[in-house]
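Work through the following exercises with the sequence and the model open side by side. Each task is followed by a solution in steps.

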Amino acid sequence: MDGMHPVGHHGDGGDGLLGAIVTVLVLLSAAGGYLLAAGRARRRNSAQGWNAWRSTSFLAGLALLGVALLPPLGPAAHTDFRGHMAQHMLIGMYTPLALVLAAPVTLLLRTLPPARARRVTAVLHSLPARVLAHPAVALLLSTGTLGVLYFTPLYNTAMAHPAGHWLMDVHFLASGCLFAYVIAGPDPAPNRPGVRARLVYLGIAIAAHALIAQAMYGGFFVDIHAPIEQVQQGAEIMYYGGDIAELLLAAALVSTWRPERRTTGAMLPERPKASAATPH
């Protein structure tokens, strides 16, 4: 009928102490690498420097990722749908926004040797990158796949195997970063549409998230093997947590809005004559 069953989640409850240690080491390595690159960018161009807020944003993103992956939330996400959904919000929406606002690609281009920087730029402008960075593709990968995950047996299959759960987390993080980058990222993006167009795609994402959460709460077409109470509370986390994350993304997008200055047409017909008549 609605695909929901009052049984617990599958999974091993986490990867234990070794998994937590590896996660911490990876996060610390990423933080150290970014800070070293930021220091190098400042030394290369002391006048331009590197915005401290960018570094703070990157560290905040890593902290959010640590909260999502480490105890108590990390193990809970394997056994409780509410924990899964809270983890999904952190990994797929909040962490990506913080990481993307840190402008890691710009930092990379400013620290690489010129030849390597040109190769990175060439990759960014390649056809696969241009297709991947289109808002429609990013929307499909980040939001469209949620319908496949929760309305088919895919979620239950992934939760039955530790590797499936980690692959799901990797997808949430990668697709979330892609969507945040396309919509409001400060890094250069090939063929990025204007702010109005990106607001439309963001509005579609907001509506899709709301519809999925409401269908999940009502049990319509949902295939999630978890107690109904957990599914409904997870749907509430998705609905309200997603709204807050998308409002933050909208604020980041609007902050990049730069009204175009029109310098042609009938608005400036007299200025050349006036300046020509002015003695120098």
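**Exercise 1. A charged pair**

Task: Classify arginine 82 as buried, partly exposed or exposed, and find what its side chain meets.

Solution. Step 1: the relative accessible area of arginine 82 is 30%, so this residue is partly exposed; buried means under 20%, exposed over 50%, and partly exposed in between, with a 1.4 Å probe and protein chains only. Step 2: the side chain of arginine 82 meets that of aspartate 80 in a salt bridge, 2.7 Å from N to O. A salt bridge is a side-chain nitrogen of Lys or Arg within 4 Å of a carboxyl oxygen of Asp or Glu. Step 3: aspartate 80 has a relative accessible area of 16% and is therefore buried. Step 4: the count by this rule comes to one salt bridge. Side chains of opposite charge can pair when their charged atoms come close.

The model is predicted: local features need pLDDT of at least 70, side-chain atom pairs count only at pLDDT 80 or more, and totals for chains, interfaces and linings use all residues. Residues are numbered from 1 along each chain as its sequence is written, and side-chain values use heavy atoms, with hydrogens and water left out.

**Exercise 2. The chain as a whole**

Task: State how many helices and strands the chain has, and what share of its residues counts as buried.

Solution. Step 1: the chain has 13 helices and zero strands. Both are DSSP runs numbered from the N terminus, helices being H or I with at least four residues and strands E with at least two. Step 2: of the 280 residues, 41% count as buried. Step 3: the accessible surface comes to about 15,100 Å², and 69% of this belongs to carbon and sulfur atoms; the areas come from the Shrake-Rupley method with a 1.4 Å probe, and for residues only the protein chains shown count as cover. Step 4: take contacts (heavy atoms within 4.5 Å) between residues at least 6 apart in sequence; 79% of them join residues at least 24 apart.

**Exercise 3. Helix α4**

Solution. The expected span is 1.5 Å times one less than the number of residues. Step 4: threonine 95 is buried, with a relative accessible area of 0%. Leaving aside residues up to four places away in sequence, threonine 95 touches Gly61, Leu64, Leu65, Leu90 and Leu173. Step 5: α4 is mostly covered, with 17 of its 21 residues buried.

**Exercise 4. Helix α11**

Task: List helices against which the buried residues of α11 pack.

Solution. Step 1: α11 (residues 195-218) has 24 residues and reaches 35 Å from first to last C-alpha, close to the 34 Å expected. Step 2: its buried residues include Arg198, Leu202, His209 and Met216. Step 3: the buried residues of α11 pack against α4, α8 (135-150), α10 (162-184) and α12 (228-254). Step 4: glycine 219 follows α11, with a positive phi near 75 degrees.

**Exercise 5. Backbone exceptions**

Task: Which residues does a cis peptide bond join, and is alanine 103 buried or exposed?

Solution. Step 1: most residues other than glycine have a negative phi, and most peptide bonds are trans. Step 2: the cis bond joins proline 71 and proline 72, with omega about 5 degrees. Proline 72 is in the loop between α2 (52-69) and α3 (73-79). Step 3: alanine 103 has a positive phi near 55 degrees and lies in the loop between α4 and α5 (104-111). At 3% relative accessibility, alanine 103 counts as buried. Step 4: phenylalanine 221 has a positive phi near 65 degrees and sits in the loop between α11 and α12. Its relative accessibility is 71%, so phenylalanine 221 counts as exposed.
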